[in-house]
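Here's a quick briefing to keep beside the viewer. Have the model open and follow along.

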Amino acid sequence: MIDLKVRDYECDLQGVVNNSNYQRYMEHTRHEFLESLGENFGAMHEKGIDAFVSRVDIRFRTSLRSGDRFRSCLNTIREGAKLVFVQDIYRLPDMKPVASGRIESVIVENGRITRGEYFDHMLK
C-alpha cells in the first residue's frame, strides 16, 4: 500500500488523470512492494533474472483530478508460473474505488521463461 497525490501533468484536457497513468501508479506500487521485500529489478537483472509483465487488465471506475490524494493497494496470487498482482486504487479520504487491476508477471532467467520459482523465493 502506498499513498500518492495526482500531479497536474498527469491530467488530460478533460481535467482528469489520463488512463495510462493508472497503470504507472500500479507499477510504482509493485516496485515499492518488491523493494519492501529486499528485491531490486537492477540487482535481479545483474543476476540474469528479469520479471516481465505478461498481461494487464485495468477496470476504471471513477476519475481522479489534479491534487487528489489516493491509496494504491496490492495483493499477490501465485498461478502456475505467474505471479498475479491484484491492485486497487482508492481516492482519499473517502476510499471511493477508482481503478482495479490484474497484472500478470513472469520470470525470465538467462533468457528462458521459468516456472516462477523466484517468486516463491521473493515471497518467503
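**Helix 1 and its surroundings**

Helix 1 is followed by Gly38, whose phi is positive, near 85°; helices here are DSSP runs of H or I with at least four residues, strands are runs of E with at least two, and both are numbered from the N terminus. Keep in mind that this is a predicted model, where local features need pLDDT of at least 70, side-chain atom pairs count only at pLDDT 80 or more, and totals for chains, interfaces and linings use all residues. Residues are numbered from 1 along each chain as its sequence is written, and side-chain values use heavy atoms, with hydrogens and water left out.

**The helix itself**
- Helix 1 is 18 residues long and spans 27 Å from its first C-alpha to its last, close to the 26 Å expected at 1.5 Å a residue (the expected span is 1.5 Å times one less than the number of residues).
- Its buried residues are Asn21, Tyr22, Tyr25, Met26, Thr29, Arg30 and Leu34 (buried means under 20% relative accessible area, exposed over 50%, partly exposed in between, with a 1.4 Å probe and protein chains only).
- Arg30 also sits over the face of Phe85, 5.8 Å from the ring centre (for this, NZ of Lys or CZ of Arg must be within 6 Å of the ring centre and within 35 degrees of the ring normal).

**The aromatic rings**
- There are four aromatic pairs in the structure (ring centres of Phe, Tyr or Trp, the last by its six-membered ring, within 6.5 Å; planes under 30 degrees apart are stacked, over 60 edge-to-face, the rest tilted).
- One of them is Tyr22 with Tyr25, edge-to-face at 5.9 Å centre to centre and 85° between the planes.
- Those two tyrosines are both in helix 1, three residues apart, or about one turn of the helix.
- Tyr22 is buried at 2% relative accessible area, and Tyr25 is buried too, at 5%.
- Tyr22 also pairs with Phe60: the centres are 5.5 Å apart and the planes are at 65°, so this pair is edge-to-face.
- That pair links distant parts of the chain, with Tyr22 in helix 1 and Phe60 in strand 2, 38 residues apart.
- Phe60 counts as partly exposed, at 40% relative accessibility.
- Ring pairs join Tyr22, Tyr25, Phe60 and Phe70 into a cluster.

**The core**
- The largest nonpolar core has 23 residues, and Val6, Val17, Tyr22, Tyr25, Leu64 and Ile89 touch the most other members (a nonpolar core is a set of buried Ala, Val, Leu, Ile, Met, Phe, Trp, Tyr and Cys residues joined through side-chain atoms within 4.5 Å).
- Elements that each supply at least two residues of this core include helix 1 (19-36), strand 2 (49-60) and helix 3 (117-122).
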